[in-house]
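Trainee: I would like to learn how to read pockets, cavities and salt bridges. Can we work through a case together?

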Amino acid sequence: MLPLVDSKASIEQDYLDYLDALRASQFKGEIETSYASRLAVATDNSVYQRLPQAVVFPRDVADLQLIGQLTQSHNKVRFSARGGGTGTNGQSLTDGLVVDLSRHMRDILEFNAEERWVRVQAGVIKDQLNDFLRPHGFFFAPDLSTSNRATIGGMINTDASGQGSLVYGKTSDHVLALRSVLADGSLLDTAPMGLDEARELAGQGDVIGQVVAQVLQSCEQKREQILAKFPRLNRFLTGYDLEHVFDADMQHFDLSRIITGSEGSLVFVAEAKLNVTPIARYKTLINVKYDSFESALRHAPAMVAAQATSVETVDSKVLNLAREDIIWHSVKALIEDVPGKDLQGLNMVEYNAEAEQDMQDKITGLVAMLDDCITTGKSGVIGYQLTSDNADIGKIYAMRKKAVGLLGKTKGSKKPIAFAEDTAVPPEKLADFIMEFRALLDAKGLQYGMFGHVDAGVLHVRPALDLIDPLQELLMAEVSDQVVTLVAKYGGLMWGEHGKGYRSEYGPAFFGEELFTELRKIKAAFDPFNRMNPGKICTPYESDEALVKVSDTKRGTYDRQIPLKVREAFEPAMSCNGNGLCFNYDSTSPMCPSSKITKDRRHSPKGRAGLMREWLRLLSKQGVDVAKLDNVGTKQNWFSRIYNTYKQDNKQDFSHQVMEAMDGCLACKACANQCPVNVDVPSFRARFLHMYYGRYARPFKDYLVANVEKMAPLLSKAPRLVNAALVLGEWPLRKWVGYVDAPTLSYPTLAGRLDKEVQAFDLSVLRSLNPEQLSKRVLIVQDPFTSFYEAELIEDLVKLIRKLGLHPVLLPFKPNGKPQHVKGFLAEFAATAQNAAAFFNQLAGLNIPMIGVDPSLVLCYRDEYKKALGSTRGEFKVQLIHEWLETVTLPDLAVQSTRDFALFAHCTEKTALPSAEKQWQQIFARLGVSLTPVSVGCCGMAGTYGHETSHLEHSKGIFELSWQPALAGYKTEQLLATGYSCRSQTARMQGDKPKHPLQALLALLEEK
Ligand SMILES: Cc1cc2nc3c(=O)[nH]c(=O)nc-3n(C[C@H](O)[C@H](O)[C@H](O)COP(=O)(O)OP(=O)(O)OC[C@H]3O[C@@H](n4cnc5c(N)ncnc54)[C@H](O)[C@@H]3O)c2cc1C
Ligand code: SF4
Ligand code: SF4
């Protein structure tokens, strides 16, 4: 039986006292001290792991000030600010207190189009800001791959930049003013000012005065050394930018330049006034294809010379990984293969222009050059493709932005990791630098993929290492040191884009003792007691505290405590690399509805994977054989489970915290397909539930859900009686069982709607049919929801099949098992799956199409069945309606209609079958009817999730995020939805129920 899992991670007394004081103050935010909350922010996208004491979520500047002010009576407390937590070098990790600004400080405060600025809170996400600015014709220019989850506070503190930085610069180039809070709670407003004003301020004598005085002193006195030391690069430096504190003629002073890139080691940035840039009227992207990555690199300067706005490069490894990912579906037409050539490198060259003619001139020049290269075989150019469609350009960049995540998909235990992934060298030296870098990695037998901003000389490379192996950890440190030396040789920077974090140990050597001392003096002026992100970048002057180091404790240190066979069995949880793509803020993306609605990192795929890993580690430490536990599951007797549930000692069980995170999951499977490394939460969630309920009693509603497929056929014998009972029993069901808005059974029932011929399934009769007769048959696979709760849909399917001149045969209802899987009844699911598979396999040999209506149940045959049954699953194939219709000829049934339908596809279907919407569109087009796929996330129902009282509020909230506004754009008769859940949720929330697309097709054919 699963034992009690004890985390033994107590919180230091100083912090407990401090948090008590914070609770007793006017602090309006949340304070979370659970082990799960702490774990959720113990990692980022780096290889490091550090458990904080607690996490606090301030709501505004005043909250941040309180956090600082209370340190005066609790002087041991240390902080690390946190935004999206997407840092690649552990910047936001701490063993002190995490101050997470991403949950609440998300407001856009003020916008002035005339003066071209916007004022925001630090937790605003970069894409959120650009979505706000777009209708006004502006954008916040510094770009970064993590734009859908990185915050402005994080961007400012890492001085983020990316594609287009040659033209658009870095975040620091766009900061007009900052409102920050110092470690002692003082408010600090910074903006460019005249030198005289700065000197006056410096004489003030208070904290702010001391800060300004120190910065003035360091930057004026050491100006010569600073100019000599700092690289003359577009990616000049991140953090403590001593050079740009002054403008070129030393007349203006801007303290914000010290704060940008300081990685939270100086202040909490609370609000920022940012410069916004007009969106270029004309944009064109040319994808230039090469025979090698080296050719692409060496040719990039020619593109820059040809006035490109930006040049981005990816190598063949990244391209090939993209080909295997869901993302390729959206870009394949834009990066077609060149017949007879091997595409090994790609330059994505963007041009922006205000005037059409200007754009035309630029492109004509480039195209002539490329044509010449192709004809003469110069520069390794093998082809190019051009697009001026903004949506297409966005798709290409989405692929490029996903590149880092895709690299994580590499097979085997060695995974690409970030530690030397953002070197910057002068662009003209980039190709040579990369060749030497590759030689270094090749000599060590390391695998890697490369891509980067070649125009700015920035290279992204993540060598594949397995940090569970201590020797590989040493190798990482060795390579890191060698890269530092190599970068220095080329006059570049180790941290050209992603900041320093645990690489801070290289700071003293990079800056030299003299300038590093100045950094420390500045740190001392801002933060004399080393409270702000201690160990990052530098420590205060005269402090003997240490910097963080590359060799510090990593995630691998913990992961290696989990036995190999357990790691293999829970591979999806182990493989999360923390890149945070699952925090995607876009409400029209299916990615993680529970994360969106809660804004709680525990309720994201990353949070769940992290909790699972720690749970497995703690179990392993307790000597528990997890594999055995996995087999035992729920076979414990009732009495002991009830006893464990109510026993007081068990309240502290860490398993409850894991359970809470798993319970919030909708099992929508968006993560399984949209996460770049396919972290499939529902798969390990089901196994966790299976083991958890080996120790604790299950709620009654779980049995109801898991047995819905057994009960529905019985209940449908007396549908009206049952429906009446459901209405009368609404209150007790909600209150005592925890189930709301239970759907009513179809009346007339399916049997009552269909004639005998359809229902007359007889295997021997089917087997006796000749090929011609067989080719006319279509087998309908029933699912519990459609057959018993939406029988009219099966009735319509029968009519549609007949309308197409074919003979429908209704297969006897065979439970699918999906509800059992969702609730973690894994033994029962395996039996159900085995039974259904045996039945369908008998039919498979007949070569008659088997079709099912509900996407999530049909897709269960393909995924969960494979995982549960392995090779015994057999080869049977159940198609979804659109997959089957694609194979059916509709030659003489073409109708013309002026109707325009809107398709709201099921999120499991969209993410598992990315072509589904397009295929539906094509099917409708064959009939001359327009169908528009609508971008929406999850509807919030997800099987039975939305019917559970405990989830009701979130279910409704998720619906309101994207479905509600999207539905408002259409009339009810236009709405088509492929999921049973989605149709029910829409009916529940809005009264009108959308139809399934097959019903619209039928109506169109009947009209004719
Ligand atoms: C897949 C991937 C691709 C990436 N691509 C790019 C890229 O193209 N360009 C690029 O520049 N970076 C890139 N990064 C790195 C990372 O996304 C950026 O550094 C980003 O700016 C971090 O923002 P965040 O909100 O996640 O900050 P966090 O990671 O939460 O924090 C980063 C640092 O900022 C500090 N901080 C955060 N908020 C505040 C605040 N309000 N006040 C004070 N300090 C604060 C933290 O203490 C920490 O030191 C990439 C990362 C990943 C995982
Ligand atoms: S679950 Fe996937 S998308 Fe989320 S952080 Fe982990 S690897 Fe990235
Ligand atoms: S299944 Fe859906 S709700 Fe659950 S973690 Fe994955 S994306 Fe989030």
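**Pockets, salt bridges and cavities**

Mentor: Start with the second largest pocket: 41 residues line it, and Gly412, Ser413, Lys415, Met574 and Ser575 lie nearest its centre. Helix H12 (316–323), strand S18 (415–416), helix H20 (555–559), helix H21 (564–569) and helix H22 (571–574) each give two or more residues to that lining. This is a predicted model, where local features need pLDDT of at least 70, side-chain atom pairs count only at pLDDT 80 or more, and totals for chains, interfaces and linings use all residues. Residues are numbered from 1 along each chain as its sequence is written, chains are lettered from A and ligands numbered from 1 in the order in which they are written, and side-chain values use heavy atoms, with hydrogens and water left out.

Trainee: What are a pocket and a cavity?

Mentor: Both are found on a 1 Å grid over the protein atoms alone. A cavity is a set of points where a 1.4 Å probe fits but cannot get out; a pocket is an open set with protein on both sides within 12 Å along at least five of seven lines. Lining residues have an atom within 4 Å of a point. Helices (H or I, at least four residues) and strands (E, at least two) are DSSP runs, numbered from the N terminus.

Trainee: How much space lies in the second largest pocket?

Mentor: About 1,000 Å³. A volume is the space filled by probe spheres set on the points, which are joined across faces, edges and corners. The lining of this pocket has 13 nonpolar, 13 polar and 15 charged residues. Ala, Val, Leu, Ile, Met, Phe, Trp, Tyr, Cys and Pro count as nonpolar, Asp, Glu, Lys and Arg as charged, and the others, Gly among them, as polar.

Trainee: On to salt bridges. How many are there by the rule?

Mentor: First the idea: side chains of opposite charge can pair when their charged atoms come close. The rule asks for a side-chain nitrogen of Lys or Arg within 4 Å of a carboxyl oxygen of Asp or Glu. The count is 62.

Trainee: Which residue pairs with Arg400?

Mentor: Glu312, with the closest N and O atoms 2.7 Å apart. Arg400 sits in helix H15 (residues 390–401) and Glu312 in strand S15 (residues 310–315), so the bridge ties together parts 88 residues apart in sequence.

Trainee: Are Arg400 and Glu312 buried or exposed?

Mentor: Both are buried. Buried means under 20% relative accessible area, exposed over 50%, and partly exposed in between (1.4 Å probe, protein chains only). Now take Lys170 and Asp159, whose closest N and O atoms are 3.6 Å apart. Lys170 has a relative accessible area of 1%, and Asp159 has 2%, so each is buried.

Trainee: Which residues form a network of salt bridges?

Mentor: Glu30, Glu32, Arg59, Arg103, Asp600 and Arg602.

Trainee: What about the second largest cavity?

Mentor: Its volume is about 330 Å³. Of its 27 lining residues, Leu666, Val822, Ala942, Gly943 and Thr944 are the closest to its centre. This lining divides into 14 nonpolar, seven polar and six charged residues.
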